[in-house]
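Hello,

Here is the structure I promised to pass on to you. Have a look at it first, and then read my notes below.

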Amino acid sequence: MTLEEKQDLSRLLRRYQEDLLEANNRNIELQAKYDAAKDNCLATSILWEMKSGLKSQYEHARLIINKIDVEIGREMKWAM
């Protein structure tokens with residue numbers, strides 16, 4: 001991968017993390033609705049809207065970003 005490709009990938013992964021945070025905020029809102037409607041048939045449909053595995057996906061992206069950023073730093077240092 002070229003330096004520009006690595007920088008672009010790092011940027012895209014950060015954007016992906018932002019999307020995951022938004023999905024997590026949506027889950028929090030849905031959880032509040034679910035708690036209010038536990039005895040209602042609406043509660044089941046709320047559960048289906050919630051996304052799972054967000055924390056692990058966020059952490060996985062974070063690890064890749066860190067590795068790529070180290071590579072970018074090394075390449076920039078060697079280029080000088």
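A word on charges to begin with: Lys and Arg count as positive and Asp and Glu as negative, while His and the chain ends are not counted. The place of a charge is taken as NZ of Lys, CZ of Arg, CG of Asp or CD of Glu. With that in hand, the chain has 13 positive and 14 negative charges, and their mean positions lie 4 Å apart.

Please keep in mind that this is a predicted model, where local features need pLDDT of at least 70 and side-chain atom pairs count only at pLDDT 80 or more, while totals for chains, interfaces and linings use all residues. Residues are numbered from 1 along each chain as its sequence is written, and side-chain values use heavy atoms, without hydrogens and water.

Now the overall picture. The chain has three helices and zero strands (DSSP runs of H or I with at least four residues, and of E with at least two, numbered from the N terminus). The radius of gyration (over C-alpha atoms) is 19 Å, well over the 12 Å from the globule rule (2.2 Å times the number of residues to the power 0.38) for 80 residues, so the chain is more spread out than a compact globule. Its C-alpha trace spans about 65 × 15 × 15 Å along the principal axes.

N27 counts as buried because its relative accessibility is 9%, where buried means under 20%, exposed over 50% and partly exposed in between (1.4 Å probe, protein chains only). Beyond its neighbours within four places in sequence, N27 is in contact (heavy atoms within 4.5 Å) with M50, K51 and L54.

Best wishes
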